[in-house]
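User: I am new to reading protein models. Could we go through some labels and what stands behind each one?

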Amino acid sequence: ISKIPKNSAIVVGHAYGSPYQKDLGISNKIKNLYKDNKENIDMIIFSGDLFQIPSIERWKKFYREFDKKVALYIAPGNHDIGIEDSVHRDIFKLIKHRNQENYNFPFSFQWSNNTFIIDDSNTNQNSINKIISTIEKENNNNIYIIRHHILPKSLSFASNAKGPQPYIKDWELNQKFIFDKNKNITFIYGDSGAKEYLPRIACIKINNINHIANGIGGFKDDIILVLNNNKIFIKELN
């Protein structure tokens, strides 16, 4: 789409953009997109790597970039929170995150007749069983799971880097994710797009479950995802 419609949510992966730029927080492309479309954006979900190196002041500056009326959620990346016990994780917990004071990942919330599950993929302990349990209890048929690192091995070609948890083979995912066929389930991963040779977006379907990898890297063809009226669109960044 060329324009963001009213009452939209956007999902941004690898938000700091180019790994070669000075760490200024999230990319100016994202800041400008928000400024130009703030009346139409109700929610932003960052699927990890908002910073190259986080600090308390950078987190505070990040929240000052957005009006309080926009809902903000963060599925942290390895640059944001580190792996397991780390200084970055301690900093993350010191910050009063808007809409997200619960650090017990995965957690879920409702928006526009959709269920969202926000995960932390930066631990050695996989949270897939908790995600499955949440989906099984959910009455809503349209469900999005947002996390940083890619799960399916068949989608690993789109990954910036392997996370602490191993990729899962398709047949194993087929065994784990057995749900009512009426449920529309989509995983969105943000650890992608940081390098020129990586795809800007990559999508696969495994056992009727969608898996989408998308992130920005400071390239002319960077894109973000737009959620509106139970559909997913892509929007190029200027």
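User: Why is Asn113 called exposed?

Analyst: This is a predicted model, so every value here is computed from it. Asn113 has a relative accessible area of 66%. Exposed means over 50%. The value passes that cut-off, so Asn113 counts as exposed.

User: Where does Asn113 lie?

Analyst: In the loop between S4 and strand S5 (114-118).

User: What makes Asp49 count as buried?

Analyst: Its relative accessibility is 2%. Buried means under 20%. The value falls under the cut-off, so Asp49 is buried. Asp49 sits in the loop between strand S2 (41-46) and helix H2 (56-64). Its phi, near 60°, is positive too, and Asp49 is not glycine.

User: Which residues of helix H1 are buried?

Analyst: In H1, residues 28-37, they are Lys29, Ile30, Lys31, Leu33, Tyr34 and Asn37. Their cover includes strand S1 (8-12), S2, strand S10 (223-228) and strand S11 (231-236).

User: How do you know that Ser27 caps the N-terminal end of H1?

Analyst: Look at one atom pair. A side-chain oxygen of Ser27 lies 3.0 Å from the backbone nitrogen of Lys29. A polar contact needs N or O atoms within 3.5 Å.

User: What kind of peptide bond joins Phe105 and Pro106?

Analyst: A cis bond, with omega at about -10°. Pro106 is in the loop between helix H4 (87-94) and strand S4 (107-111).

Key. Residues are numbered from 1 along each chain as its sequence is written. This is a predicted model: local features need pLDDT of at least 70, side-chain atom pairs count only at pLDDT 80 or more; totals for chains, interfaces and linings use all residues. Side-chain values use heavy atoms; hydrogens and water are left out. Helices (H or I, at least four residues) and strands (E, at least two) are DSSP runs, numbered from the N terminus. Buried means under 20% relative accessible area, exposed over 50%, partly exposed in between (1.4 Å probe, protein chains only). Contact means heavy atoms within 4.5 Å. A polar contact is a pair of N or O atoms within 3.5 Å; within protein, one must be able to donate a hydrogen and the other to accept it, and residues adjacent in sequence count only if both atoms are side-chain atoms.
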